[in-house]
Amino acid sequence: MKITMKSLVSITTVTSLLLFTGCGDSKVNDSKDTSKEESTSSQYVLKFSHVVSPNTPKGKAADFFEKRLEELSGGKIDVQVYPSSQLYKDNAVLKALTLNSVQMAAPSFSKFGKIVPQLALFDLPFLFNDMGHLHRVQDSQVGDKLKDMINAKGYVALNFWDNHFKQLSSSKKPLINPEDAAGQKFRIMSSKVLEEQFHALDANPQMMPFSEVYSGLQQGVIDAAENPISNIYTKKFHEVQKYLTISNHGYLGYLVVMSKKFWESLPEDLQKDVVQAMNEATQKERIWAQELNDEQFALIKDYAKSTGKLEVFELTPEQRAAWKKAVSKIYPKFYDNNLIGKDLINGALNTK
C-alpha cells in the first residue's frame, strides 16, 4: 500500500488545511542554512537532512525526491537536500524535526527505538521470506500501523526505505546450521530482539559501537557479526572474517519522516504532491538498494575467489528452515504491545 492522503488524514485537520491554503509567506528559515539560497519563486522551503553520501541509494532517492517534488509543485516547494550529516546526525535530527529546524529526514529504524519500540518488528529473525514479502508487509496495514505510531509522537511518517537484509559472518567456524553459532561472540547493536536471537542459538551477544566492529573482529574481541552487504563491503569486514553466510535473517532500513508543523502548513494540493513524489522516490530507492547489494556481493565473492581468505555460503531452503525454527521461538517474548505486539508479528507472518 502506497502512502495515501487517507492514511495521513489524522495528521492534520480540514481547518488547518484551509487556514494555510495559499499562504505565500510560510517560508522556513534556519540559522544553520547558510550555503543555499532560497528560491524567490518558492512559497515553501523543505530541507531534507540525511547522513549518507549522495551516491548511495538513500542519497540518490533524496535527490530524486527533490527534483520530482519541485516539478510536481511547479516550484512552489523548494527542496534542499543536505547529505553526509551537513545539518544533523541521525541522533539529533528527530528533535530538529519537532522544532521544524529541518523539514524531512530518513533515520534508521534504530533511532526510533525509544519513541516507537514496535519498529523492532524488522529485527525479528527470519520473519520475512524475501524482499518482496518484506515490501508487502511495509505497504500493508502492518506498515500503516507502524506509521500511525510514529505520527502519534508528533511526526509525519511517509515511507520505508531499504538498506537491505543482514548476513552472518564469523572467523571461528562456518555458520551453516543453527548449532554452529553456539559459543560464538556476536557483535550486536543495542536491541532486546537481537540479544534474544543469539541467546536462542546459545551464542554470546556483545553490544559494541559500530565504529569498533572492524578492530573487534580483527583482534578477536568478537568472533562474529551480522550486517547487510553494504556494511560488510564498505567497512571491509569481509577482510577480517573467514566465513560469510547469506542468511537474509534480519532487515535494516530507514523511515522517511516529515516535520508535522511543515506538513500542516501545506495546502492539500501540495500535500498530494509530497505523497506522489515520495511514492515514486520509494520505488526508485528499492531498486537502487537491490542493485547496490548485488554489486557489492559480487565484489565480495570476487575477493573470496581471488584471495582464498574468505568462504561464502548461501543457505539452502532446508538450512534456512532449520535456522527459522531455532530462532522463531523468541517471537512470543515480544507479543506484548509495549514491545512489538502479537498482532503486528502475526500480521507480518500472514501477509501474502
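Ser-85 lies in the loop between strand 2 (77-82) and helix 3 (90-98), and in this predicted model Ser-85 has a positive phi of about 60 degrees although it is not a glycine. Most residues other than glycine have a negative phi. With a relative accessible area of 27%, Ser-85 is partly exposed, and Ser-85 is also among the residues in contact with His-50. The points below begin with these loops and then turn to a helix, the nonpolar cores and the cavities.

**Loop residues**

- His-50 is found in the loop that runs between strand 1 (44-49) and helix 2 (57-72), where His-50 has a relative accessible area of 1% and is therefore buried, the cut-off being under 20%.
- A polar atom of the His-50 side chain lies 3.2 Å from the backbone oxygen of Val-52.
- When neighbours within four places in sequence are left aside, the residues in contact with His-50 are Lys-58, Gly-59, Ala-62, Val-81, Tyr-82, Pro-83, Ser-84 and Ser-85.
- Asn-248, placed in the loop between strand 8 (243-246) and strand 9 (251-259), is a residue other than glycine with a positive phi, near 50 degrees.
- Asn-248 counts as partly exposed, at 25% relative accessibility.

**Helix 4 and its surroundings**

- Helix 4 (residues 131-138) is mostly covered, since six of its eight residues are buried, namely Met-131, His-133, Leu-134, His-135, Val-137 and Gln-138.
- These buried residues of helix 4 pack against several elements, which are helix 5 (141-151), strand 4, strand 9, helix 10 (268-307) and helix 12 (342-350).
- The N-terminal end of helix 4 is capped by Asp-130, which has a side-chain oxygen 3.2 Å from the backbone nitrogen of Gly-132.

**Nonpolar cores**

- In soluble globular proteins, nonpolar side chains tend to be buried together.
- The largest nonpolar core holds 56 residues, and the members that touch the most others are Leu-119, Leu-121, Phe-122, Leu-124, Ile-150, Leu-255 and Ile-340.
- Strand 4 (residues 155-170) gives the largest share of this core, with five residues.
- Leu-255, leaving aside its neighbours within four places in sequence, is in contact with Ala-105, Ala-106, Pro-107, Phe-109, Phe-112, Leu-119, Ile-150, Ala-157, Asn-159 and Phe-160.
- Another core, of 28 residues, lies apart from the largest one, and its members include Ala-61, Trp-263, Ala-277 and Ala-281.

**Cavities**

- The model has two cavities of 30 Å³ or more, and the largest cavity has a volume of about 40 Å³.
- Pro-125, Phe-126, Leu-168, Gln-197, Phe-198, Leu-201, His-249, Trp-323 and Val-327 line the largest cavity, and the elements that give two or more residues to this lining are helix 6 (192-199) and helix 11 (317-327).
- By class, the lining of the largest cavity consists of seven nonpolar and two polar residues, with no charged residues.
- The second largest cavity holds about 30 Å³ of space, and its lining is made up of Ser-169, Ile-232, Phe-237, His-238, Gln-241, Tyr-243, Leu-244 and Leu-310.
- In the lining of the second largest cavity, five residues are nonpolar, three are polar and none are charged.

Notes
Residues are numbered from 1 along each chain as its sequence is written. This is a predicted model: local features need pLDDT of at least 70, side-chain atom pairs count only at pLDDT 80 or more; totals for chains, interfaces and linings use all residues. Side-chain values use heavy atoms; hydrogens and water are left out. On a 1 Å grid over the protein atoms alone, a cavity is a set of points where a 1.4 Å probe fits but cannot get out, and a pocket is an open set with protein on both sides within 12 Å along at least five of seven lines; lining residues have an atom within 4 Å of a point. Grid points are joined across faces, edges and corners, and a volume is the space filled by probe spheres set on the points. Helices (H or I, at least four residues) and strands (E, at least two) are DSSP runs, numbered from the N terminus. Ala, Val, Leu, Ile, Met, Phe, Trp, Tyr, Cys and Pro count as nonpolar, Asp, Glu, Lys and Arg as charged, and the others, Gly among them, as polar. A nonpolar core is a set of buried Ala, Val, Leu, Ile, Met, Phe, Trp, Tyr and Cys residues joined through side-chain atoms within 4.5 Å. Buried means under 20% relative accessible area, exposed over 50%, partly exposed in between (1.4 Å probe, protein chains only). Contact means heavy atoms within 4.5 Å. A polar contact is a pair of N or O atoms within 3.5 Å; within protein, one must be able to donate a hydrogen and the other to accept it, and residues adjacent in sequence count only if both atoms are side-chain atoms.
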